Each structure stands twice: as C-alpha cells, then as structure tokens.
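Here is a friendly look at how a protein holds its ligands. Please keep the structure open while you read.

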Amino acid sequence: MSTVGNSTNIFWQECPVGRLERQKLLNQKGCVVWITGLSGSGKSTLACSVNRELYSRGKLSYILDGDNLRHGLNKDLGFKAEDRTENIRRVGEVAKLFADAGLICIASLISPYRKDRDACRAMLPASNFIEVFMNMPLELCEARDAKGLYKLARAGKIKGFTGIDDPYEQPLNCEIEIKQNDGICPAPSAMAGQVVSYLEDKGYLHDN
Ligand SMILES: Nc1ncnc2c1ncn2[C@@H]1O[C@H](COP(=O)(O)OS(=O)(=O)O)[C@@H](OP(=O)(O)O)[C@H]1O
Ligand SMILES: Nc1ncnc2c1ncn2[C@@H]1O[C@H](COP(=O)(O)OP(=O)(O)O)[C@@H](O)[C@H]1O
C-alpha cells in the first residue's frame, strides 16, 4: 500500500530475518502482557515481579510503564480523554514492535478506556495480547496512595483523576484477573506467578 494515514508513496520493507528466527534465537514467543488498573492497584509492582521471574528463567521481557513513557515518548500528552487515547495507541504500537522483536513486552498503564485497550489488542495476531486486570478496590488504592495523588485529587488539586472524577472501564473479557482473596491482596510473587503460569501454559516460554 502506498498511502497510510497522512503518508503517501511509502512501501513496507521486508527483511530476511523475521520474527520466527528471532523467537528461535530467544527460545520464547513474542507477546504483549497488558496490565490495566487504577493508580496504586499494583501495575508497576506486578510488571517488575513478572520481569524478574522471567529473567530468572532466562526469558527476555521489557517493561513499558505509563509513568516512565510520559517522561519521554509521551511527554507531550496530558490526561484528558484524547491524550489518554493517544498515549495508549502509541504504547500499543511500541509494544507490537517489541513483540515482533520476540520479547515478552509488559505494558503497564492505567489505560482506562475499553475501546483503547481493544484497539491495542486488534494490532496483534490473535492471542498475543494478554490483558491483565488489577482488580483492586478503589479504597485499597486510595489507602496506599503511594504518590499522594489521591489526596490531591480529593482536595480538588488534581482534576480528572482516574477513579475519583474520571472514569475507569473494567475489562469484560480479560485473560487474567488479579484480585484480593478474602480481602487480602496476594503478594507480588504470587501475582507474578499467576501471569508466568499463564505464559507457560500457553507456550510463550518456548519457541515451538
Ligand atoms: N489525572 C490523572 N489520572 C490518573 N493518573 C494520573 C493523573 N495525573 C497524574 N497521574 C499519574 O500518571 C500515571 C498514569 O499514567 P498512564 O500513562 O498509565 O495513564 S493513562 O493510561 O493514559 O490513563 C499514574 O501512575 P500510576 O499510579 O502508576 O498508575 C499517576 O501517577
Ligand atoms: N501485592 C501487593 N502487596 C502489597 N503491596 C503492594 C502490592 N502491589 C503493590 N503494592 C504497593 O502498592 C503501592 C502501589 O503499587 P504500584 O505498583 O506503584 O501501583 P501502580 O503502578 O498501579 O500505580 C506501592 O507502594 C506498592 O509497594
């Protein structure tokens, strides 16, 4: 195709070393583990724990954390709905590249809108988008308030804070749900175990 978006006269370039060769080299399959949930629900903690566990098994993963990407790639974006949508779109595209590189890409963003997450899912071949929902109650996230942002949002000093005066749409069909058991949040290693077991069961930790 020679017209894509606003670009004309452009052509897709193929390279002889492809995804399958890279996966063989790494003995794993590229995919995207997309962690969504409220601020303070434990997304970054889970991402780091999965990353560490995979590393200990000799598997290459890379974390795309919303907070970190907003320091660079997405520093022109704020938190209004269009900016969040563009934030998720860009991270979805980058995650797709990492998965094509053969890595297990762990994206950790609030990603509050279902349609934005679904658009990222649609960018990837079927089943290579693994949506993980941090299903933690707002009360727990707010009680943690690791960055003091809920306090500022309650005081009206931050407007449009997810869960307070901005929406969060829960996934309807996620692959993995992390939730409290009898009111207790599982330890980070247990949460990571749930994700790594899924990857193992679905064959992502081997290339064939
Ligand atoms: N208004 C508002 N709403 C929600 N979050 C806010 C806001 N302002 C700043 N922050 C901080 O930004 C982090 C979320 O960035 P994300 O890129 O993950 O957000 S989004 O997916 O585009 O909604 C989020 O980080 P986490 O706490 O790690 O989720 C907050 O620290
Ligand atoms: N499973 C857990 N058990 C106990 N504390 C946790 C757990 N997961 C996260 N936390 C704590 O909750 C706070 C918010 O976690 P974080 O990973 O930064 O959330 P998010 O990335 O969703 O904002 C941190 O202080 C973190 O140490």
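The notes below take the two ligands in turn. Please keep in mind that this is a predicted model.

**Ligand 1**

Let's begin with the pocket: ligand 1 sits in the largest one. The elements that each give two or more residues to the shell around ligand 1 are helix H3 (66-69) and helix H4 (81-100). H4 provides the largest share of that shell, with three residues. In total, 19 residues surround ligand 1, and Ser39, Arg70, Asn87, Ser111 and Lys147 are the closest. By class, this shell holds seven nonpolar, seven polar and five charged residues.

**Ligand 2**

Around ligand 2 there are 15 residues, of which Gly40, Lys43, Ser44, Thr45 and Pro186 come nearest. Helix H2 (43-56) and helix H8 (188-201) each supply at least two residues of this shell, and H2 gives the most, with three residues. The shell around ligand 2 divides into seven nonpolar, six polar and two charged residues.

| Ligand | Residue and part | Distance |
|---|---|---|
| Ligand 1 | Lys43, side chain | 2.8 Å |
| Ligand 1 | Asn87, side chain | 2.7 Å |
| Ligand 1 | Ser111, backbone | 2.8 Å |
| Ligand 2 | Ser41, backbone | 3.2 Å |
| Ligand 2 | Gly42, backbone | 3.0 Å |
| Ligand 2 | Ser44, side chain | 2.8 Å |

How much of each ligand does the protein bury? Ligand 1 taken alone exposes 630 Å², and the protein buries 92% of that. For ligand 2, 560 Å² is exposed when taken alone, with 71% of that buried by the protein.

Conventions: Residues numbered from 1 in each chain as written. Chains lettered and ligands numbered in written order. Predicted model: local features only at pLDDT ≥ 70, side-chain atom pairs only at ≥ 80, totals over all residues. Heavy atoms only, no water. Near = heavy atom within 4 Å. Polar contact = N/O pair within 3.5 Å; in protein donor to acceptor, adjacent residues only side chain to side chain. Areas by Shrake-Rupley, 256 points an atom, 1.4 Å probe, with all protein chains shown as cover. 1 Å grid on protein atoms, 1.4 Å probe; cavity = no way out; pocket = protein on both sides within 12 Å on 5 of 7 lines; lining within 4 Å. Sits in = over half its atoms within 2 Å of the grid points. Helix = DSSP H or I, 4+ residues; strand = E, 2+ residues; numbered from the N terminus. Nonpolar A, V, L, I, M, F, W, Y, C, P; charged D, E, K, R; others polar.
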